[in-house]
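My notes follow in the order in which I looked.

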Amino acid sequence: MKKHYSKKAGLAPGTIVHVGEARTERPKITLINYDRNNYEERVVEDIETCFLCKDSSSVTWINIDGVHQVDIVEKIGTHCGLHPLVMEDIVHTDQRPKMEEFESYIYLVLKMLQFDDATAAVTTEQVSIILGPSFILSFQEDEGDTFEPVRERLRNSKGRIRSVGPSYLAYALMDSIVDNYFIVLEKIGEFLELLEEDMIENPTPEILEDIHGIKKEIIYLRRSVWPLREVISRLERSESPLIEKVTMEFLKDLYDHTIRIIETAETYRDITSGIMDVYLSSVSNKMNEVMKTLTIIATIFIPLTFIAGVYGMNFEHMPELGWKWGYPAAWIAMLLVSVSMLMYFRRKKWL
Amino acid sequence: MKKHYSKKAGLAPGTIVHVGEARTERPKITLINYDRNNYEERVVEDIETCFLCKDSSSVTWINIDGVHQVDIVEKIGTHCGLHPLVMEDIVHTDQRPKMEEFESYIYLVLKMLQFDDATAAVTTEQVSIILGPSFILSFQEDEGDTFEPVRERLRNSKGRIRSVGPSYLAYALMDSIVDNYFIVLEKIGEFLELLEEDMIENPTPEILEDIHGIKKEIIYLRRSVWPLREVISRLERSESPLIEKVTMEFLKDLYDHTIRIIETAETYRDITSGIMDVYLSSVSNKMNEVMKTLTIIATIFIPLTFIAGVYGMNFEHMPELGWKWGYPAAWIAMLLVSVSMLMYFRRKKWL
Amino acid sequence: MKKHYSKKAGLAPGTIVHVGEARTERPKITLINYDRNNYEERVVEDIETCFLCKDSSSVTWINIDGVHQVDIVEKIGTHCGLHPLVMEDIVHTDQRPKMEEFESYIYLVLKMLQFDDATAAVTTEQVSIILGPSFILSFQEDEGDTFEPVRERLRNSKGRIRSVGPSYLAYALMDSIVDNYFIVLEKIGEFLELLEEDMIENPTPEILEDIHGIKKEIIYLRRSVWPLREVISRLERSESPLIEKVTMEFLKDLYDHTIRIIETAETYRDITSGIMDVYLSSVSNKMNEVMKTLTIIATIFIPLTFIAGVYGMNFEHMPELGWKWGYPAAWIAMLLVSVSMLMYFRRKKWL
Amino acid sequence: MKKHYSKKAGLAPGTIVHVGEARTERPKITLINYDRNNYEERVVEDIETCFLCKDSSSVTWINIDGVHQVDIVEKIGTHCGLHPLVMEDIVHTDQRPKMEEFESYIYLVLKMLQFDDATAAVTTEQVSIILGPSFILSFQEDEGDTFEPVRERLRNSKGRIRSVGPSYLAYALMDSIVDNYFIVLEKIGEFLELLEEDMIENPTPEILEDIHGIKKEIIYLRRSVWPLREVISRLERSESPLIEKVTMEFLKDLYDHTIRIIETAETYRDITSGIMDVYLSSVSNKMNEVMKTLTIIATIFIPLTFIAGVYGMNFEHMPELGWKWGYPAAWIAMLLVSVSMLMYFRRKKWL
Amino acid sequence: MKKHYSKKAGLAPGTIVHVGEARTERPKITLINYDRNNYEERVVEDIETCFLCKDSSSVTWINIDGVHQVDIVEKIGTHCGLHPLVMEDIVHTDQRPKMEEFESYIYLVLKMLQFDDATAAVTTEQVSIILGPSFILSFQEDEGDTFEPVRERLRNSKGRIRSVGPSYLAYALMDSIVDNYFIVLEKIGEFLELLEEDMIENPTPEILEDIHGIKKEIIYLRRSVWPLREVISRLERSESPLIEKVTMEFLKDLYDHTIRIIETAETYRDITSGIMDVYLSSVSNKMNEVMKTLTIIATIFIPLTFIAGVYGMNFEHMPELGWKWGYPAAWIAMLLVSVSMLMYFRRKKWL
Ligand SMILES: [Mg+2]
Ligand SMILES: [Mg+2]
Ligand SMILES: [Mg+2]
Ligand SMILES: [Mg+2]
Ligand SMILES: [Mg+2]
Ligand SMILES: [Mg+2]
Ligand SMILES: [Mg+2]
Ligand SMILES: [Mg+2]
Ligand SMILES: [Mg+2]
Ligand SMILES: [Mg+2]
Ligand SMILES: [Mg+2]
Ligand SMILES: [Mg+2]
Ligand SMILES: [Mg+2]
Ligand SMILES: [Mg+2]
Ligand SMILES: [Mg+2]
Ligand SMILES: [Mg+2]
Ligand SMILES: [Mg+2]
Ligand SMILES: [Mg+2]
Ligand SMILES: [Mg+2]
Ligand SMILES: [Mg+2]
Ligand SMILES: [Mg+2]
Ligand SMILES: [Mg+2]
Ligand SMILES: [Mg+2]
Ligand SMILES: [Mg+2]
Ligand SMILES: [Mg+2]
Ligand SMILES: [Mg+2]
Ligand SMILES: [Mg+2]
Ligand SMILES: [Mg+2]
Ligand SMILES: [Mg+2]
Ligand SMILES: [Mg+2]
Ligand SMILES: [Mg+2]
């Protein structure tokens, strides 16, 4: 959550300052160039290497893993004619998902999510996509992404991906990010089911922290998916020449995905708050059971102890003490008291 | 809830992969062909058998129970010119209810619900309906459906169903699904009434689980019915030539049904959360009753036991011990203490 | 709540089946015929008797108390040219308030409410009103209604009612139903005030049930009044020639009534949930008072009993036992302990 | 809350029946007549006295304190050509704030609020304002209002009020009512701050009633201010010739006021529910503190009392009893037990 | 919160009365005058000094720290032709953020926020900005603001700020205020994280007050940022010639900021209510742990004490007392009882 906004406050708008977790590794730049017949993929050292191939008739996809080295973003951005405010947002990794249309390109921000099974936490990575007339730029915070299946389809020329333009590639990248949300939601769903089982059997304080934790994750997840709805619906309605007609119907499918994801997230939120209620009741039921049993034991013995106390008194004139059957009579009295109390408790259904 | 999204992630859009519970039985294909004068119904082995009769002037209804064998869906879909994204959604049984209009057909997704009395759970089955110019395709997950009364009306030529076109049949199928929602809601209502009675008499932890369970069922049910509202209202507003004029006024009636179902589901949600509140209070009231009675007993005996303890002390110089009426006096003291405490408790209304 | 939807499921739309509580009494048919100068009112045996007078230049109001005998509804409906779906809804007494405009008539559904003081429950009766060019049909579930003052005004030719057409009569009927809502709300308000007083003085478990009960009644009441808003606003905006101009400004007044009723119902809902909170706190406060006092008594005596126990020990060598002032010293010690504990409790404000 | 709706139910619309608290005093009628140069103010006995001066070129403001004598309202209303439904609403003091535009006048209903410091209750008075072409009628329930500063400005010809027409006077009256809401809100704010302080120091059951009471007042206040938003915005958008252009920009300022009032009321609602939560926790924290301390004391003495009990047994063969250091050893054992328990409690942070 | 509305109630609209915390220091007036080549900045004594330079072709920015001396506001306001209602609002420091468009200027109100680490409270300062054709007026409540970086950029002619007109300066001022919101939110976020950690380790009553306090701060913060959304979106859509085209795209960026701030505030609200829930459960869990352990200890000793009591009775005929192994047998009985109870508790998982 530490984003160090203080670094940014008051700077001129369009000042390119990285806001996000500190990183030291060198950003990795991957260049993919393809048309219906050719495919080339290589890791390049300097961003300038990419400048040469950009304007060809083939589609160029430059993927940059790491935006903490702002000069790389600035160089490629300036080369492609990006607005300073766009470059600012690419390296400021706290944007909400959005779509901004410019004359010669469309700027898209999405959040790539990952569910970490060990901590039951969702990690978020900002992905910026620039859709230009013959190129795609994609900026990520770290190496590792959900794009591998797309690259695979490009390499093997599977489906229509190599025969259509950059807007379809942009769609494919977004689709791979959104498809991954289903997996994250599936894992959250499984986590919730585990919680539900645990909670009823054994409502420990740790479960409370788990519920609070997963609730927060769902809150953050909602923030990543709610704006997506508008992003994709604006892409659909946009009349930009950058978006080919064939891509349009696939965007409808993607919109459909988004709605389902939002609905599932809302459902999980409702279920989580239901789980919280049941947890609280379970704890209280368990405690009540302990208290009730123990209190009953105590209550039965208290009058008995009183009787024993009475005949432990040292008065000189206590006729019962001299009786032959005094001691057994005391035992019988004590038995009668305890049995009648047990019967009363049972009639009241406390036992 | 296990849908194994991992199977799908990253695949090219339009890849037809079954997502849903695993099934092994062979899908059952039923072919119905009718016009005002003729009616034919038969189970066919191969989907190809259906291809011949499709383009006749009569109405053809092909119902397929089972979408886990994707090649059947693919064959009939390709034959009827369905878009790959539609075929993908037919076999991906986690769609939300929706309506998609294409040039030569309308694609509808609905959820068929069943209330299982034993587990108080609602089971959901995805039904896809394709409305074409002279045919209806319907895809279900399993055998068994709510369509039997519609088939009966077709067989007996009851009402207007045989004299109107496929859009009226599509309406009749949707109506039979929606009518069934009322039955599911009625059963949920009865379950809630039972819960309410039990809860006040005997608020056990099992009831807590029941409340949580039915709450979840209502959450899932809402997800099936809310989108229906828009589906039907879009059908009504659609100007597709596929929907005959006579069907229109029946769609209004269906829309009316949907609103009532949504309202009832919302009402049940409110009532369920009211029941939860009452349950929690009942448990707490019951526990309070136990604790109060038991604590009162304990509190009365504690001072008595103290008095007995005092005269159980072994000091050599304790004048009371030698008194003739010491022992009866101690009893009287103890009686006075307990009676005055009882009176105090009664005045405070704790008894 | 038992509506037996199973009777209806799968039937052809427009099939006229009574859904509602079973009734055996014969429906009562009342025919009123009036113009500026004449007024005729009589109970008729057969619905066919009404057919003769319908088309006269006077206004005819046929009121039918009881829709469980569906053939009556069917006969008059067919005679007046009602759509089968309208007839279906008249006898299906679970409709939500609605307005449907047809070419030659307007179909209105409202809920007539009654607050039963004994059970604090609101009973609902469905009223269907058909507004035709020169007639009004009204269908109720039972005898007894809120229309008596309207009939009185008709009989005595009070106000403008006899000099205007059927749309004003329809308005007057709706107004009498809506005016009755204020009475129901007033009674609910009084019930809530009683609850509030009881709750603070004596928060018994019965009050919990009362709160839950009235909450449910308010939920059901909201379902009857919310849709009314749209019904009346659609009547106002409708350009049907069936609604005379003079009726229009009265509809605005009725709309105003509806808004006030909805607001009051919402207010009661908020107040009820406030009452629930206060109830829960009152119970808890009361319990706390009991527990605290009792625990304090117990705690004071426990150390005293310990001291008594010490000097009840039978060791041979216990010097205190032989002391002359040992017994009084023990008493003083016990007094000191109890007084210092009382002072500590008072300083902590627990007393 | 007692409004006796039963008086009204079923009456013909436009029947003028007073609904509100019963009053016996004679309504006070004040007549103010002014233009740029002249100002006349007097209390009149009969409403008919006002009829003479109404149609002059100056502005006439007739204020009537008391609407329970319906004939006064009827006379002036009929004289000014008010619609019967308007007269009905003037004397029915349960209207919601509203604006109704007629051909020759505008009818406004507002609620004048007063915060009663003693009971922390908000009292409501209905004010009806009729804005005519050269006159203002204002109807209140009681004497005493927020209009005094407006009268002062009229008398002293302060600001533009004497040089503009009746719409500005209507604005000034509304502004004085709305300005008073700020004072009511300020007092509620102060009450909430007092509650907050009390609550943490000393969470008594009386505070619970205070919270519930102020919550209800805020609920009622919201009902008075929410509709005002629409009233003023409709006045602004209205193209009635009755509203002079100069008044328009002041209405915008008034609208601004209304939004701020609504926002503050919402904020107070949120804060009140926060206070409720803190109250409940404070009560529970306080109780926990009592229970914990007392239980700890009891628990420490219970094993000690047991040891004392053991050596109070009367077995003939108990070697410890004969030991010389038996008694001190028992004391040491008891000390060790109690010290180790205290240490355990401290380690567990229960002390 | 003390705003002394009573000072204002009933005054003529447009009366300029300071509403806010009382202040005595002299307002500080700063005059900045710049164009592409020149920059002049000085503190002036009298507001009249500023009048001379206003109408030059350069941009003039007059900043006034302190609006409690209303004559200064009145003089400059009258000189610049501000509407009396605008001057009234400038000195009435309880406005909500708003934008009002006039013919020759735009009036903007914003809230400058400051998070005070010591008290965890957000302080609010009202900033009014007047955007004229060649000048900017800014009014603050106190010295000290977030504008320093903007002044720095002006002094050093950094970025485009000196080469564009006053609308860009207005944007830059707003941006500096909004950028500061991120810092406030960041600090609230850190405070919440600290709370979360504390709460689970050691849920003291102080944390309750902290949660309630920060909840209130978030409520107030929301009131400052929600209206901003509309302010900026109305600026964007405005077609005022006062807003240069270059400023427009920067306003979009600012709008984007606002949405993110609102979302973060909403997220914090949700998290705070989650923290409240966890706090309450933690307290309850902690209390349960205490009660359970202590109750178990008590319950084990109660039957033992009873056994000791029995053999402390003084009956003459108690055979066990004379037995040689009576005393060890009693110990063994007591051990058996306590061990079997411990085993029972462990089996029940209470230990
Ligand atoms: Mg910025
Ligand atoms: Mg990140
Ligand atoms: Mg990455
Ligand atoms: Mg996908
Ligand atoms: Mg986490
Ligand atoms: Mg799809
Ligand atoms: Mg897909
Ligand atoms: Mg399924
Ligand atoms: Mg099936
Ligand atoms: Mg149906
Ligand atoms: Mg289940
Ligand atoms: Mg119907
Ligand atoms: Mg039907
Ligand atoms: Mg009924
Ligand atoms: Mg009836
Ligand atoms: Mg009425
Ligand atoms: Mg009931
Ligand atoms: Mg009215
Ligand atoms: Mg009326
Ligand atoms: Mg009143
Ligand atoms: Mg008054
Ligand atoms: Mg004002
Ligand atoms: Mg009150
Ligand atoms: Mg103002
Ligand atoms: Mg004012
Ligand atoms: Mg301030
Ligand atoms: Mg300042
Ligand atoms: Mg900024
Ligand atoms: Mg504070
Ligand atoms: Mg930006
Ligand atoms: Mg509790």
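**Chain E against chain D**

I began with the contact between two chains, and found that 64 residues of chain E touch 57 residues of chain D. I note at the outset that this is a predicted model, and I read every value below as computed from it.

I next looked up the extent of this interface. The size of an interface is often given as the accessible area lost when the parts come together. For chain E and chain D the buried area comes to about 5300 Å², and carbon and sulfur atoms give 65% of that area.

I then turned to the charged and polar pairs. The rule finds 6 salt bridges across the interface of chain E and chain D, and I picked out one of them, in which the side chains of K98(E) and D256(D) meet with N to O at 2.9 Å. Between chain E and chain D I also recorded 19 residue pairs in polar contact, both residues being at pLDDT 80 or more.

Which elements of chain E give two or more residues to the side that touches chain D? I listed α3 (84–91), β4 (98–101), α6 (205–237), α7 (245–310), α8 (319–322) and α9 (326–347) of chain E. The largest share, 18 residues, comes from α7(E). By residue class, the side of chain E that touches chain D divides into 34 nonpolar, 13 polar and 17 charged residues.

**Chain A against chain E**

I repeated the search for the contact of chain A with chain E, which takes 65 residues from chain A and 58 residues from chain E. The area buried between chain A and chain E is about 5300 Å², with 65% of it given by carbon and sulfur atoms.

Here the rule finds 6 salt bridges across the interface. One that I looked up joins K348(E) to E289(A), where the closest N and O atoms are 3.6 Å apart. I also recorded 18 residue pairs in polar contact between chain A and chain E, both residues of each pair being at pLDDT 80 or more.

On the side of chain A that touches chain E, at least two residues each come from α2 (84–91), β4 (98–101), α5 (205–237), α6 (245–310), α7 (319–322) and α8 (326–347) of chain A. Of these elements, α6(A) supplies the largest share, with 18 residues. I sorted the residues of this side as 34 nonpolar, 13 polar and 18 charged.

**Pairs of chains without contact**

How far apart are the closest C-alpha atoms of chain A and chain C, which no contact joins? I found them 9 Å apart. Chain C and chain E are likewise not joined by any contact, and their closest C-alpha atoms lie 9 Å apart.

**The sheet of chain D**

I traced an open sheet of 7 strands in chain D, in the order β2-β1-β3-β7-β6-β5-β4, and noted that its pairing is mixed. The edge strands are β2 (39–44) and β4 (98–101) of chain D, each of which pairs on one side only. Neighbouring strands of this sheet are turned by 15° against each other on average, direction ignored.

Within this sheet I followed β1 (28–34) and β3 (59–65) of chain D, which pair in the antiparallel sense over 7 bridges, and I saw that T30(D) stands opposite N63(D) in β3(D). Helix α3 (84–91) of chain D packs on the sheet by touching β4, β5 (106–116), β6 (121–131) and β7 (135–140) of chain D, and its direction makes about 155° with that of β6(D). Helix α6 (205–237) of chain D lies across β4, β5 and β6 of chain D and runs at about 150° to β5(D).

**The sheet of chain C**

In chain C I found an open sheet of 7 strands in the order β2-β1-β3-β7-β6-β5-β4, with mixed pairing. Its edge strands are β2 (39–44) and β4 (98–101) of chain C, and the twist averages 15° from one strand to the next.

For a closer look I took β6 (121–131) and β7 (135–140) of chain C, which pair in the antiparallel sense over 4 bridges. Which residue of β7(C) is the bridge partner of L131(C)? I found I136(C) there. Helix α2 (70–80) of chain C lies across β1 (28–34), β3 (59–65) and β7 of chain C, running at about 160° to β7(C). Helix α5 (166–201) of chain C packs on the sheet, where it touches β1, β3, β5 (106–116), β6 and β7 of chain C, and its direction makes about 25° with that of β5(C).

How values were computed:
Residues are numbered from 1 along each chain as its sequence is written. Chains are lettered from A and ligands numbered from 1 in the order in which they are written. This is a predicted model: local features need pLDDT of at least 70, side-chain atom pairs count only at pLDDT 80 or more; totals for chains, interfaces and linings use all residues. Side-chain values use heavy atoms; hydrogens and water are left out. Contact means heavy atoms within 4.5 Å. Buried area is the accessible area (1.4 Å probe) that two parts lose on being put together, summed over both. A salt bridge is a side-chain nitrogen of Lys or Arg within 4 Å of a carboxyl oxygen of Asp or Glu. A polar contact is a pair of N or O atoms within 3.5 Å; within protein, one must be able to donate a hydrogen and the other to accept it, and residues adjacent in sequence count only if both atoms are side-chain atoms. Ala, Val, Leu, Ile, Met, Phe, Trp, Tyr, Cys and Pro count as nonpolar, Asp, Glu, Lys and Arg as charged, and the others, Gly among them, as polar. Two strands pair if DSSP finds at least two bridges between them. Axes are lines fitted to C-alpha atoms, for helices over the stretch in contact, and angles run from 0 to 180 degrees between N-to-C directions.
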